[in-house]
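I opened the model to look up contacts, rings and charged pairs, and I kept these entries as I went.

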Amino acid sequence: MPYEVDKSDAEWRAELTPEEYHVLREAGTERAGTSPLEHADDQPYVYSCRACGAELFATGTKFDAQCGWPSFYAPLAEDRVEYIEDRSFGSVRTEVRCARCGSHLGHVFSGEGFPTPTDLRYCINGIALQRRAA
């Protein structure tokens, strides 16, 4: 799929740290519990894609799932993310990518019983996000 932000592998490597590159461009996962973005916010924030700056999530949909990664129950708008079937771990999961640049953000899970309006948990790598005050 063509993306609005389309860069070569060399350009991504020059712009991202090795850890960011691994998560965003190679669909890696940061270690659980290592993101300072995991816990509840003390003010309104907007969370953007670290690779391209697209605004993806907001504090109003963030919740503490106690899973080791930042969790949201919905993106800012459905056209901000794309969903890819992921069979990489012997089961079927739904990968979440930035719709603007195709960077890997994390996965979305449903039916886990969290008391949220959507019953969805967007489990997002904190290293894939930038946070700014709304």
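I take contact to mean heavy atoms within 4.5 Å. With that cut-off, and leaving aside neighbours within four places in sequence, I found L105 in contact with L56, V81, V96, R97, C98, C123, I124, N125 and A128.

I note that this is a predicted model, in which local features need pLDDT of at least 70 and side-chain atom pairs count only at pLDDT 80 or more, while totals for chains, interfaces and linings use all residues. Residues are numbered from 1 along each chain as its sequence is written, and side-chain values use heavy atoms, with hydrogens and water left out.

I then traced an open sheet of 6 strands in the order 3-4-8-7-6-5, with antiparallel pairing, two strands being paired if DSSP finds at least two bridges between them. Strand 3 (62-63) and strand 5 (81-86) stand at the edges with a single partner strand each, so one side of each has no neighbour in the sheet. Strand 7 (residues 104-110) and strand 8 (residues 120-124) run antiparallel and are joined by 5 bridges, and I found S110 opposite L120 in strand 8.

**Rings**

Rings of Phe, Tyr and Trp (its six-membered ring) pair if their centres lie within 6.5 Å, planes under 30 degrees apart counting as stacked, over 60 as edge-to-face and the rest as tilted. I noted 6 aromatic pairs in the structure. Y47 and F72 make an edge-to-face pair, 5.2 Å centre to centre with 70° between the planes, and this pair links Y47 in strand 1 to F72 in strand 4 (residues 71-72), 25 residues apart. The rings of F57 and F72 are stacked, because their centres are 4.5 Å apart and their planes stand at 20°. Both Y47 and F72 are buried, and F57 also counts as buried, at 0% relative accessibility. I recorded one aromatic cluster formed by Y45, Y47, F57, F72, Y83 and Y122.

A charge sits over a ring if NZ of Lys or CZ of Arg is within 6 Å of the ring centre and within 35 degrees of the ring normal. By this rule R131 lies over the face of Y45, at 4.1 Å from the ring centre, and K7 lies over the face of W12, at 4.9 Å.

**Salt bridges**

I looked up 12 salt bridges, each a side-chain nitrogen of Lys or Arg within 4 Å of a carboxyl oxygen of Asp or Glu. R100 and E4 form one of them, with the closest N and O atoms 3.4 Å apart; R100 is in the loop between strand 6 and strand 7, and E4 in the segment before helix 1 (9-15), 96 residues apart. E55 and R132 meet at 2.1 Å, N to O. D41, K62 and R131 are linked in a network of salt bridges.

How values were computed
Helix = DSSP H or I, 4+ residues; strand = E, 2+ residues; numbered from the N terminus. Buried < 20%, exposed > 50% of the residue type's maximum accessible area, 1.4 Å probe, protein only.
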